[in-house]
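This briefing covers the surroundings of the ligand and the aromatic pairs. The sequence and the structure come before the notes.

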Amino acid sequence: MRLAGQVALVTGAGRGIGRAVALGLAREGAAVVLAARTARELDEVAHEIEGAGGRALAVPTDVREEPAVAALVRRALEASGRIDLLVAAAGAAAFGPLGETAPSAWDEMMAVNLRGPFLCCRAVLPAMVQQRSGTIILIGSVVTSRTLPGSAAYTASKYGLLGLARVLAEELRPHGVRVGVLSAGAVDTALWDAVPSPPARSRMLRPEQVAEAALLMAAQAPTATLEEITLLPAGGVL
Ligand SMILES: NC(=O)c1ccc[n+]([C@@H]2O[C@H](COP(=O)([O-])OP(=O)(O)OC[C@H]3O[C@@H](n4cnc5c(N)ncnc54)[C@H](OP(=O)(O)O)[C@@H]3O)[C@@H](O)[C@H]2O)c1
């Protein structure tokens, strides 16, 4: 068990990538605090972890809301006394040409994909800095290395995330806290349900494969840091 005794906070943990990451971290011995808005999905993941002998705490949270994120981190610290790992996987995607992108859709993309991770990082920092250890993993996207027409708002949010991560990594390095971005190509999750003509699902990554890469980042020895990973479907599908 590579993460025995550690406490992880995973956002977006109700389904898709966040769920797979939460299950993977729990299998490696971490106690996992699960956050997303849909309580039913969080409870299902918590039961799955506990059924396998792990520890989980479901805390319904909207990562766009600062008081909710503060309360989430408070709950995690009350329950476990420390936070070793944050995986920010809550996110959303909406696609369409820029000229047809409503300002409200742009704002929503920034709120979930950029403000959310910002708030979560900011909220766990005091505990990690005090511990002089911790790992933050932000789920980015291949759109920051391959240009995808029709994804301006999503791409801008993920470039923002990458910039946030790079600055935060330097700010936290002296404190023994690691920050990395895991940028994935297309993953077969519900995120694609609302996308017209998505790539073939059978050629996409599985959420468990993304979770495996997150584990690799989380389980590095404290003297090493995996800061940026791009994981693509071998077929090259975006
Ligand atoms: N799927 C892909 O192809 C792909 C590729 C690269 C990167 N990513 C990134 O991976 C992350 C996860 O995506 P996914 O594919 O796993 O999507 P998903 O299956 O739709 O899951 C998204 C998760 O985020 C949560 N979430 C959404 N808005 C939230 C909010 N305001 N507050 C709290 N939680 C919220 C959702 O729960 P609730 O709705 O219940 O809140 C859900 O648990 C996203 O950042 C996405 O950009 C995905």
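The model is predicted. There are 29 residues around the ligand, and Arg37, Thr38, Tyr154, Val187 and Thr189 come nearest.

**Polar contacts and cover**
- A polar side-chain atom of Thr189 is 2.5 Å from an oxygen atom of the ligand.
- In the side chain of Arg15, an N or O atom lies 3.2 Å from a ligand oxygen atom.
- Gly12 contributes through its backbone, with an N or O atom 3.2 Å from an oxygen atom of the ligand.
- On its own the ligand has 870 Å² of accessible area, and the protein covers 96% of this.

**Pocket and shell**
- The largest pocket is where the ligand sits.
- Helix H1 (16-27), strand E5 (134-141) and helix H5 (152-172) are the elements that give two or more residues to the shell around the ligand.
- E5 supplies the largest share of that shell, with three residues.
- By residue class, the shell holds 14 nonpolar, ten polar and five charged residues.

**Aromatic pairs**
- Two aromatic pairs occur in the structure.
- In one of them, the ring centres of Phe95 and Tyr154 are 5.6 Å apart and the planes are at 70 degrees, so the pair is edge-to-face; planes over 60 degrees apart count as such.
- Phe95 belongs to the loop between strand E4 (85-88) and helix H4 (103-131), and Tyr154 to helix H5, so the pair ties together parts 59 residues apart in sequence.
- Tyr154 is also among the residues that come nearest to the ligand.

Technical notes. Residues numbered from 1 in each chain as written. Predicted model: local features only at pLDDT ≥ 70, side-chain atom pairs only at ≥ 80, totals over all residues. Heavy atoms only, no water. Near = heavy atom within 4 Å. Polar contact = N/O pair within 3.5 Å; in protein donor to acceptor, adjacent residues only side chain to side chain. Areas by Shrake-Rupley, 256 points an atom, 1.4 Å probe, with all protein chains shown as cover. 1 Å grid on protein atoms, 1.4 Å probe; cavity = no way out; pocket = protein on both sides within 12 Å on 5 of 7 lines; lining within 4 Å. Sits in = over half its atoms within 2 Å of the grid points. Helix = DSSP H or I, 4+ residues; strand = E, 2+ residues; numbered from the N terminus. Nonpolar A, V, L, I, M, F, W, Y, C, P; charged D, E, K, R; others polar. Phe/Tyr/Trp six-rings, centres within 6.5 Å; stacked < 30°, edge-to-face > 60°.
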